[in-house]
Amino acid sequence: MSGGRVVAQARGLVAGGQGAHPPLADTEVLLPLRTTGSGVPLFCVHPLSGLGWCYAGLLPYLGRRPVYCLQARRPPARDLPAMVAGHLASIRAVQPDGPYQLMGWSAGGSIAHAVACGLQREGADVGFLALLDSFPSTGEHPPPADPARDRLDLARTLASDLGARHHPGGPEDEAASVLRRLARDSGLSERLLSELVETALATRAAVRRALPGTFRGDVLHLEAARESRGTLTPHAWARHIDGRLDVRRVDCRHVDMMRPGPLSVIGPVLAAELAGRNAGAAG
């Protein structure tokens, strides 16, 4: 699927859940995917791309539940505590009181965990936390040996997140050329895409420099089973969770988790878990 089709499909799902809204609203810090319906809202935290559009594919699986995306600020927050403070304000503006429900894919999982810890520090009840192929930071983030290559890798990650056609590129490829192709494929401006790469660089640094706190409650982790990570496993979260860690494996690569095939597995799992947590809370 081309980047243009992915962007159009995501915007169509957003419009279908939320109603007409200005195009620039798609990049605001709080992106409503569905504001009507019933049940406790689900807040989805952006991956490195800074955008929450990838979560629009979950809507068909979540019944009538309201769903919101927390997107990255541009310019980005200076560190993870500042990022969390901004997201807490956005969440409280929609839902003043708990219980709160959070999830995040990739870097978004680490941010969602930090947001959940922040809510608990404020005395709020967090009833659901799901981490999608996310792993805790060690607090270390050495500067990249090759900043240009680093920026190129993140430009390619952004292209993958937006579902752009694969271009092999070459050893002399640069981030600017990847973004030009992505702008052509997606219909987004090069300026916006360049801002998103800079936001991704800052977000990754902020997440990696911050040691996770301890979340008091159960956590669902969905692991991309087609990745080889050596000794790194989802169980690394155990030391940052005071509760049960439920790990499920999804037969896909990390970069494909928000694509239709994996979502057909992930969506029902999330829906069932959310229904179970909500039923338990009601009882």
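**Exercise 1. How many nonpolar, polar and charged residues does the lining of the largest pocket have, by class?**

Step 1. The model is predicted, so that local features need pLDDT of at least 70 and side-chain atom pairs count only at pLDDT 80 or more, while totals for chains, interfaces and linings use all residues. Residues are numbered from 1 along each chain as its sequence is written, and side-chain values use heavy atoms, with hydrogens and water left out.

Step 2. A pocket is defined on a 1 Å grid over the protein atoms alone, as an open set of points where a 1.4 Å probe fits, with protein on both sides within 12 Å along at least five of seven lines; lining residues have an atom within 4 Å of a point. The largest pocket has a volume of about 630 Å³, a volume being the space filled by probe spheres set on the points, which are joined across faces, edges and corners.

Step 3. The lining comprises 23 residues, and Leu48, Ser106, Ala107, Arg208 and His254 lie nearest the centre of the pocket. Helices α3, α4 (147-161) and α6 (190-209) each supply at least two residues of this lining.

Step 4. Ala, Val, Leu, Ile, Met, Phe, Trp, Tyr, Cys and Pro count as nonpolar, Asp, Glu, Lys and Arg as charged, and the others, Gly among them, as polar. The lining then has 9 nonpolar, 7 polar and 7 charged residues.

**Exercise 2. Determine the strand order of the sheet and describe its pairing.**

Step 1. Helices (H or I, at least four residues) and strands (E, at least two) are DSSP runs, numbered from the N terminus, and two strands pair if DSSP finds at least two bridges between them.

Step 2. The 7 strands form an open sheet in the order β1-β3-β2-β4-β5-β7-β9, with mixed pairing. At the edges stand β1 (30-34) and β9 (245-250), each of which pairs on one side only.

Step 3. β1 and β3 pair in the antiparallel sense over 4 bridges, and Arg34 has Val67 as its bridge partner in β3. By contrast, β2 and β3 run parallel, joined by 4 bridges, with Val45 opposite Leu70 in β3. Strand β2 (residues 42-45) also runs parallel to β4 (residues 100-105), again through 4 bridges, and Phe43 has Leu102 as its partner in β4.
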